[in-house]
Structures are given as structure tokens and as C-alpha cells.
Amino acid sequence: MHPQRRRRLALVLFIVALSSLGVGLAVYALRQNLNLFYTPRQVVAGEASTLARIRVGGMVVRGSLEREPDSLAVRFRLTDGDRELWVRYEGILPDLFGEGEAAVAAGHLRPGPLLEADQVLAKHDENYTPPEVVEGMKAGHAARAAREAAGQEATSQPNAAEDSAP
Amino acid sequence: MAERRWQWFHRLASPPGFYRVSGRWLPWLAGTSLALLAVGVVWGLLYAPPDARQGNSYRIIFLHVPASFLALAGYYVMAAAGAIHLIWRVKLADVVMSAAAPLGAALTFLALFSGSLWGKPTWGTYWVWDARITSMLVLLFLYLGVVTLRQAYASRETAGRACAVLALVGTVNIPIIYKSVDWWYSLHQPATIRLTAAPSMHPDMFQPLVVMILAFYLFYAWVLVLNVRAEILVRERRAGWVRDLAGEGESE
């Protein structure tokens, strides 16, 4: 390669390496601030500010959703699998919001701790399935559960062996 | 021997040579990309099954994901062209870089806009400052920066070099966009299509998505070639071969 071109190639590599290093260090320094939300565990541990508006993300605990009869106010618990946090919200929930689904709530922390949310967003996952497949899976699970229940009642050896076979 | 091996390359890399050769690619690129686009749109929007949770609103994925793919891939095209221009001073590379910038900006805007429309019915908001969306907005500004930086210089030579440096510095953003959903907590879901694992999508939905991605790649190539040809004509408007070309057009 021509020495001048070699020098320019080195310059190009230097630009890319140096800017990557700079941005990499900046991103590393900001790593906590780049998270969109806190987990309930972080909030319970006191890592989130009690003054600023914060976001908390997690799974809506099944059976925790309570609606007030004459208003849009709702209460539910968010969990990260370890700790749980109560959230209070008054407003319209997104269509995809539901128990057992992920959600991100934004608002201010109150003693308790309880998050007084002014915004609730639903978070969906990267899986896409047609409804028939989901229905089929539900029916399959139900059939399997029924079969297992019947197998336990009968407690007969051949039936149990049939169930465990692949 | 070595001379002859590189002859086709030099012919292709010279603006008039590229203009002549690329004219033969245009009908193929146009035909295949438009045909695949038609197939993908009809298949994805009419025949693919709805999603169990999102219903029909997920169908915007057939536009959103291909546009995002090309917004990222197009940046590498622009940055690579910039590097080639910086190192080897290939004129055509500078033309490709200036043609790729507005195209990439349009695709990035399309990805952001379609994502925003998708966000309202699923997440409950048009916009959220999470790492994926913010880094994508930075990509839009990088593209627009390259477009405007070129116009800021009187000399084409200086403008080309400055744009190439900006494009190269911006490449660090591409892996950040790609990994943002894995590195940080974000509202945007992780990738459905991965190189290392099977797609987390039913085949009936995945197949039209693949068609749309292929269609977008071909469409990108088609529009890029069109942009490059137009830019070549503008830059070489005083050259003899362009005058001849224009003369031919008049006499016909």
C-alpha cells in the first residue's frame, strides 16, 4: 500500500477507535442513568429518589389489581420476582396492561413505599403468536392438567408411566 | 496481469463508468424490489395471522423492522464510503456517501415515526426517552448532520472529508442502538430476530417479515443507485460525456 494511503488508513482507524473509546467511557459512566426504570427491589432498598419523578418497571402481580368503584383510580403491585411495590394510578390504562404482564409506572414515591403514578405504560415482549396457537396451548395445558389430576386419583402404575413418557 | 484484474474496478469506480453500468441494474432492482414489496405488504397485512395480545396493531412491524434494519445498515454504507474516500480518494465513494445520507435520514425517520404510531396502542405513549429510542434519534441527527455539513463548505473536497470524519465518529452509535435493549432496562422489547437463535415469532408472521426485509434491502439499493446517478450528473454537468448524454436526449 502507498505510504500516504497507509497513513490515512491509520487515521481512519484512529478516529473510529478514539471516538468509540470516548463514547464507551461516557456510556459506562452514565450506565445507571441510561436505565428507563428502577426495579421494585431498587426502590425498596432506597436507591430511587423520593423527591424526583421516577419510573418503576416490573410484572403486575396476579390478583393485585384493585379498581375503585366510582372512579378511574386503580391500585396494583409491581414485582421483579423478589420485592413488590404498590402503585396507585388514576387514568386510562393502556390496552395491553394486565395482570401477569410487564408495565412501567412513572410518578412520585410516597411513604409506604407507594408509587403515586401519573403515567402507566404497558411493556410487551418480543414474542408474536397467532391467537389460535395461544388457544391451542391453553387447551393443551388444560387437557394435560385434567389428565394429570385423573392420573393422581387413579394412582395406577401404567397411567403414570404413560404420562411421563415423551 | 494485475493491471487487467483491476481494470473492471477502475472502470466501475469512475463516475461515467458507473453511470453506464448502473443503468443496466436499474430495471432489475426496481422490478424485484417492487414485486417483493407488493408480496410482503399483501402477505403481511392481509394474510398473516393477528397477534394474540396486540391484535392487528402489531402489523406495523412489517414496516417498522425493515426500515430500522436499513437505517442501521445504511449508516455502515455511508461510513464505509466515507472511509474509502478518506483513504483512497475515490470520487465515487464521496458520491455514494452524499447519496446515502438523506436516504438513511428518511429511513430513520420512518422507523421512529412508525414506532411512535405503534407505541400508542401497545405501550400507551407515542414517545418515551428510553435507550433504544433516544439512540435512534441520535442516528437521525447524525444523518442530518452529514447532510447539512456538506452544504456548510464551499469546497467539495473539504466537505467530503469533514462528512467522512463525522460519519466515522458516528459508527459507534450503531452497536449501541443494537444492544441498547439488552444493556439497559428499556420500554422497547428485545430483538425478535437474532443471529444466534430462532426468531421468537410464529413462522406465519416471520416469513412475510423476511420478504419485507429483503424488499427493503433491494429498495434501498435501487434508490441509492438512483441518488448516486443523479449526483454524478450534477457533479459532472460540465463534462463532455454528460453533455453528449443530454444532447442525445434532445435529439430523440
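This is a predicted model: local features need pLDDT of at least 70, side-chain atom pairs count only at pLDDT 80 or more; totals for chains, interfaces and linings use all residues.

Q: Which residues of chain B form a positive surface patch?

A: A patch joins like charges within 9 Å, taken from residues with over 30% relative accessible area and no salt bridge. In chain B, the residues B:Arg156, B:Arg237, B:Arg238 and B:Arg243 form a positive surface patch. B:Arg156 belongs to helix α6, residues 156–170 of chain B. The relative accessible area of B:Arg156 is 43%, so this residue is partly exposed.

Q: How many helices and strands does the secondary structure of chain B contain?

A: Chain B has nine helices and zero strands. The C-alpha trace of chain B spans about 60 × 40 × 40 Å along its principal axes. Of the 252 residues in chain B, 50% are buried. Of the contacts in chain B between residues at least 6 apart in sequence, 75% join residues at least 24 apart. The accessible surface of chain B is about 12400 Å², with 68% belonging to carbon and sulfur atoms.

Q: How many salt bridges are there over all chains?

A: A salt bridge requires a side-chain nitrogen of Lys or Arg within 4 Å of a carboxyl oxygen of Asp or Glu. By this rule there are 15 salt bridges over all chains. One of them pairs B:Asp94 with B:Arg150, whose closest N and O atoms are 3.1 Å apart. Because B:Asp94 lies in helix α4 (residues 91–122) and B:Arg150 in helix α5 (residues 131–152) of chain B, the pair ties together parts that are 56 residues apart in sequence.

Q: Are B:Asp94 and B:Arg150 buried or exposed?

A: Buried means under 20% relative accessible area. B:Asp94 has a relative accessible area of 4% and is therefore buried. B:Arg150, at 16%, also counts as buried.

Q: Which residues of chain A are linked in a network of salt bridges?

A: The network links A:Glu68, A:Arg88, A:Glu90 and A:Glu116. Within it, A:Arg88 meets A:Glu90 at 3.7 Å, N to O, and A:Glu116 at 3.2 Å, N to O. A:Arg88 lies in strand β4 (residues 84–90) and A:Glu116 in strand β6 (residues 114–123) of chain A, so this pair ties together parts that are 28 residues apart in sequence. As for accessibility, A:Arg88 is partly exposed at 22%, A:Glu116 is partly exposed at 29%, and A:Glu90 is exposed at 51%.

Definitions and conventions
Residues are numbered from 1 along each chain as its sequence is written. Chains are lettered from A and ligands numbered from 1 in the order in which they are written. Side-chain values use heavy atoms; hydrogens and water are left out. Patches are made of residues with over 30% relative accessible area and no salt bridge: like charges are joined within 9 Å, nonpolar side chains (Val, Leu, Ile, Met, Phe, Trp, Tyr) within 5 Å. Accessible areas come from the Shrake-Rupley method with a 1.4 Å probe; for residues, only the protein chains shown count as cover. Lys and Arg count as positive and Asp and Glu as negative; His and the chain ends are not counted. The place of a charge is taken as NZ of Lys, CZ of Arg, CG of Asp or CD of Glu. Helices (H or I, at least four residues) and strands (E, at least two) are DSSP runs, numbered from the N terminus. Buried means under 20% relative accessible area, exposed over 50%, partly exposed in between (1.4 Å probe, protein chains only). Contact means heavy atoms within 4.5 Å.
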